[in-house]
Amino acid sequence: MKAIRRRVRLLTACFGLMTGLMIAYFGYSVSFYGGRWIASPHNPRISSQKKSVVMGAVTDRDGAMLAWTNEAGERHYNPDRATRMAVSQVVGDSEGKVSTGVDTFHAQYLLGFKAGLFERLSDALSGETLHGDDLELTVSERLSRYITEQFPRGKRGAAVVMNWRSGEILSMVSLPQFDPENMDAALSDDTAGALMNRCTQGLYPPGSTFKIVTLASALENLSGADSMTFDCSGRYSVGGYSVTEQSAHGRQTLSEAFSHSCNTAFASLSQKLGYEGLGSTAEALRFNENFLFDDLIVYNSSYPIDNLSAEDLAWSSIGQGRVLATPLHMTLIACAVANGGQMPEPRLISRILTPHGTERALPAGKGAVSVMPRSVADRVEAEMIRVVERGTGSRAALSGYVVAGKTGTAEASNDKSIAAHAWFVGYITNPSAPYAVCVLVENGGSGGSVAAPLARRILKKTVDLKL
Amino acid sequence: MDGAWYRAAGLAYGYFASLCAVLIALLLLKRWRSERALWRRIAKSVPGVGCACVFRVMSEGGKRLAKGAELRVPMEGTMGSAAGCDVCIPYRKVHLRSAFFWMEEDGLHMAPLHRDGFLVDGVQAQPGDEAILRDGAELRLGDLRLRLRMQRDKLTAAEAAAGPYVTRKRRESAQRGRGNGLGAPGRTREARRKDRKAGRERSASQREAKRMDAAAADRRKVLSRAAGAEAALCALLTAAFQITGMLLALGRPGTEPSQTAQALCMMVVAAGLFTTLVLPRFLPVDPPVMALTNFFCGTGIVILLTVSPMRGQRQMICYLGGLVFMVLMSLTVTRLRHTRLLSVLAITGGLTLLVLPLLYGEWINGAKNWVTLPLIGSFQPSELVKLCLILVLARYFSAHRTILQMMPAVFFAASCMLLLMLQRDLGTALIYYLTTLILFYAACGNVPMTVAGIGGGVFAAGLGYRLFSHVKVRVAMWRNPWSDPNGGGYQIIQALLAIGSGGLFGVGLGQGTPEKIPEFYNDFIFAVICEQLGQVFGVLLLLLHVLLILRGVALVCRARRSFDMLLACGVLASLGIQNFMIVAGVIKLIPLTGVTMPFLSYGGSSLISCMGMIGILHGTCFGARDALAADLFAAMPRREVKL
């Protein structure tokens with residue numbers, strides 16, 4: 001009898017543990033995914049709620065109206081076609097075709113799902129049509145329009161501007177764009193991929209911009225990385241394949257190899273790091289991580305860690321092969337370097353205004369994440385400044401400010417006739433202008449000659465606008 | 001009511017529901033604490049509690065066991081020098097586990113557990129034998145001599161006159177399984193009835209019996225009334241919760257509530273109050289368990305009345321029927337004497353019921369587990385057979401049986417599971433399997449066999465995964481429902497969206513779009529509850545369910561017979577597993593298994609079977625309380641009871 005009692009108590013403890021686990025899982029999934037579930041395009045409540053609730057308005061950081069709903073219940077977007085197109089993927093559309101847009105992803109606010117008891121009660125009792133919350137975004141429509149104008153004609157691509165200290169996204173531009181007032185045209189043209197936000201959903205090989213990660217890994221894991229020298233003969237053979245360079249750089253230090261963006265040097269460096277060393281740094285910098293940001297959906301970047309062969313490792317270290325990253329993630333890495341190793345959480349919503357004029361508390365977010373030691377971040381910053389001062393990124397230099405950056409020219413295909421993707425990732429180091437930028441021009445050519453000048457113009461405009 | 005008011009009231013109701021649940025939980029916790037303190041106080045201040053008889057040590061027993069010491073013997077248990085034994089004899093010449101004993105009407109029965117056996121009044125008993133010890137019998141364990149002393153009041157006059165009783169070998173009956181594990185300790189109702197029939201000392205014995213009855217009832221009342229205000233408050237809270245919910249459900253703008261629905265609602269509220277407040281005074285009913293059951297059923301009824309009024313009406317009828325069934329079950333359990341006959345009936349009846357759907361059933365939703373009978377209508381036999389299974393398992397696993405003696409119940413459970421597999425009712429088969437496994441472990445604690453059982457279950461699950469295509473689909477949809485949001489994953493995705501859209505305190509009773517979830521009234525009622533009354537209320541429901549289980553475990557630990565323990569344990573295991581399986585399935589923690597949520601889901605068979613299980617729980621609880629009352633009476637027969 002005593003024994004049975006003891007076993008029953010043990011079983012009860014197991015049951016309690018399992019129920020605790022279930023409640024913990026319930027709490028976890030509801031708090032992390034609850035908002036995403038509401039915003040799901042499969043949720044029939046969104047369309048039924050739209051009939052009974054006046055959806056809130058969306059404004060940019062200066063108060064310019066980006067989207068609103070009129071008395072008849074129709075959703076309208078900024079009257080200026082260029083403006084509404086420049087922010088089209090960020091704001092989204094009224095039919096929920098752009099599932100990552102604010103109009104869909106933040107429907108829980110815009111449609112009043114987040115209202116508390118007293119707000120709902122007073123709304124219900126007053127008998128008026130319910131109003132959703134208004135959202136003020138961190139993006140600037142002026143900057144977005146400028147970036148769209150400055151982007152090379154006819155090219156696809158993406159550009160992200162962020163405040164590297166606070167994580168506020170000042171602009172997110174993805175080309176091609178669509179007109180939310182004329183969705184039929186956007187939907188009929190299925191080759192353009194305009195509904196996709198390339199900043200957050202576009203997975204591209206990061207090319208040489210990934211060398212920031214490799215450099216950080218070397219500085220963190222290899223002692224005496226500074227004194228290392230590399231012989232560049234224009235070709236580095238590993239495992240039957242060879243990593244090539246257009247011209248031989250000769251004997252060079254690690255610092256010189258980074259500012260020349262020397263592929264062979266980094267390929268040989270990767271062999272010293274091993275796939276665990278590089279992989280751990282990449283994962284610390286949040287590759288392969290399922291981003292669950294409160295304000296926006298970002299697809300997870302991928303870095304292969306499954307039994308990497310020597311040549312795979314070599315290609316990975318220079319951002320080719322199976323490494324894929326979103327422009328927003330590369331911006332976040334630049335922000336982390338600028339912040340001394342603290343990667344901020346990207347923010348898209350600056351204020352939530354209830355229909356009663358009060359301000360609703362923003363979701364707390366998970367705050368900045370420490371991704372690398374401060375010493376390493378400072379060293380990487382010094383190298384990135386050198387790239388802009390006298391390396392491949394010299395055309396991004398901005399007078400009056402110290403710019404750090406890294407160019408990238410990512411081969412998107414084995415076919416040499418297809419031009420490479422042009423990348424530039426960088427930021428202004430001056431604390432008075434904490435702006436980070438990432439530019440990607442699909443099949444644009446060389447990062448140093450195409451992306452870097454565009455990044456310089458974007459940074460200059462951002463500084464001028466005093467955002 | 002106009003639309004705006006209805007909306008507002010519905011919203012406020014979500015908060016009110018959470019408040020009610022919190023208050024009920026707190027009240028029950030308070031009651032639990034005070035009751036535990038009471039039982040502890042009784043155990044400390046009344047020495048003979050839970051004790052059937054006493055062994056007096058007649059020889060020197062080493063340093064730790066003085067001559068003349070008394071060993072208290074409970075109703076059932078093991079005897080030996082191990083600390084885990086119910087009668088621990090701290091003497092190294094006694095085996096760790098030397099004997100198993102149990103009290104029956106004709107004396108203390110003992111069966112050796114070690115091959116050395118023991119001697120009773122000079123007669124050797126060996127494994128396979130069963131000895132019956134009467135008052136004054138001498139037991140020899142090794143070189144230790146013990147003399148049995150029955151409690152005076154626990155002997156019938158005839159037994160006291162018979163004097164010391166010598167053992168008799170009962171090999172055949174022992175091999176069939178030991179005793180029924182149920183024998184009352186002496187003066188039972190039957191014994192008294194026999195006394196009366198014989199007409200010996202007619203008036204005197206009647207007067208004595210009446211006085212004892214009254215005194216025992218007095219103690220019982222003290223026990224049940226101790227800290228009884230909390231249960232009453234819970235009942236009132238539940239009633240308030242039900243009444244407001246029903247008013248909202250029936251008063252939906254644009255609908256005219258039917259007379260039947262109104263009458264049924266009144267009856268349900270009245271029945272809830274009656275069962276918690278009045279019934280425990282004269283029938284075996286445990287107020288906290290009843291209060292929780294009523295709250296669960298009330299939540300289910302309110303939600304069903306709101307989202308699907310006709311189903312709500314049927315649910316109310318089933319609830320009232322279930323209450324009657326519950327009382328019947330609890331009376332049966334307290335009066336249970338012939339478990340052998342009952343278990344044979346349960347085995348044959350259970351198997352017959354499970355074969356019926358295979359013969360006369362129809363395929364519904366890929367399973368063939370419904371059957372329509374004349375007069376009764378359509379029902380799900382597997383739900384009712386659960387009760388049979390628990391009864392049979394408790395019967396064959398109780399009283400320290402060997403693995404071989406447990407086999408009949410294992411075979412019965414296995415054949416039930418096989419029949420359920422044939423019906424493609426895999427969720428219920430899983431409940432049966434886990435209940436059997438848990439009861440097996442609780443009863444014998446045989447870890448290798450339990451692990452072998454788990455291994456067999458895993459093997460069967462693997463086989464099921466390969467054989468049944470719908471299992472594969474379920475698992476795939478659990479891993480990633482978004483891969484097929486409009487096909488296989490539709491149900492689970494809609495449930496998740498409903499839970500997410502509800503927010504912390506719900507969109508309000510009668511709001512939202514629950515009907516988008518297939519089976520919203522049945523398996524997925526948890527998602528509907530979360531949408532309408534909020535995620536907080538959903539979590540509170542789970543916590544209240546844990547409270548019900550904990551209350552049940554407290555009852556299990558107080559039971560004096562392993563049969564009662566295992567019976568209550570089987571009920572708890574079955575309810576706990578079923579609740580976990582469906583809720584974890586709905587929130588995508590485990591693959592979905594098509595079982596109902598106990599008390600809440602729509603479904604007559606499920607509700608009635610759950611109420612039957614609660615009846616069993618009441619019965620075992622009452623048994624423990626009755627025995628305690630008798631002990632209290634024995635310890636202080638004439639004093640006024642103040643506890």
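Reader: How far apart do the C-alpha centres of domain 1 and domain 2 of chain B lie?
Author: They lie 42 Å apart in this predicted model.

Reader: What makes these stretches of chain B domains?
Author: Domain bounds come from an automatic or database domain assignment. That gives domain 1 (3–39 + 228–626), domain 2 (55–184) and domain 3 (185–193 + 204–226). Residues are numbered from 1 along each chain as its sequence is written, and chains are lettered from A in the order in which they are written. Local features need pLDDT of at least 70, side-chain atom pairs count only at pLDDT 80 or more, and totals for chains, interfaces and linings use all residues.

Reader: How do you know that S3 and S4 of chain B pair?
Author: Pairing needs at least two bridges found by DSSP between two strands. Strand S3 (residues 76–80) has 2 bridges to S4(B), and they run parallel. Gly80(B) stands opposite Cys88(B) in S4(B).

Reader: What is the strand order in the open sheet of chain B?
Author: The order is S4-S3-S5-S6-S9, with mixed pairing. Strands are DSSP runs (E, at least two residues), and helices are too (H or I, at least four), numbered from the N terminus.

Reader: How many residues does the contact take from each chain?
Author: It takes 45 from chain B and 35 from chain A. Two residues count as in contact if their C-beta atoms, placed from the backbone, lie within 7 Å. H18(B) gives the most to chain B's side, with 8 residues.
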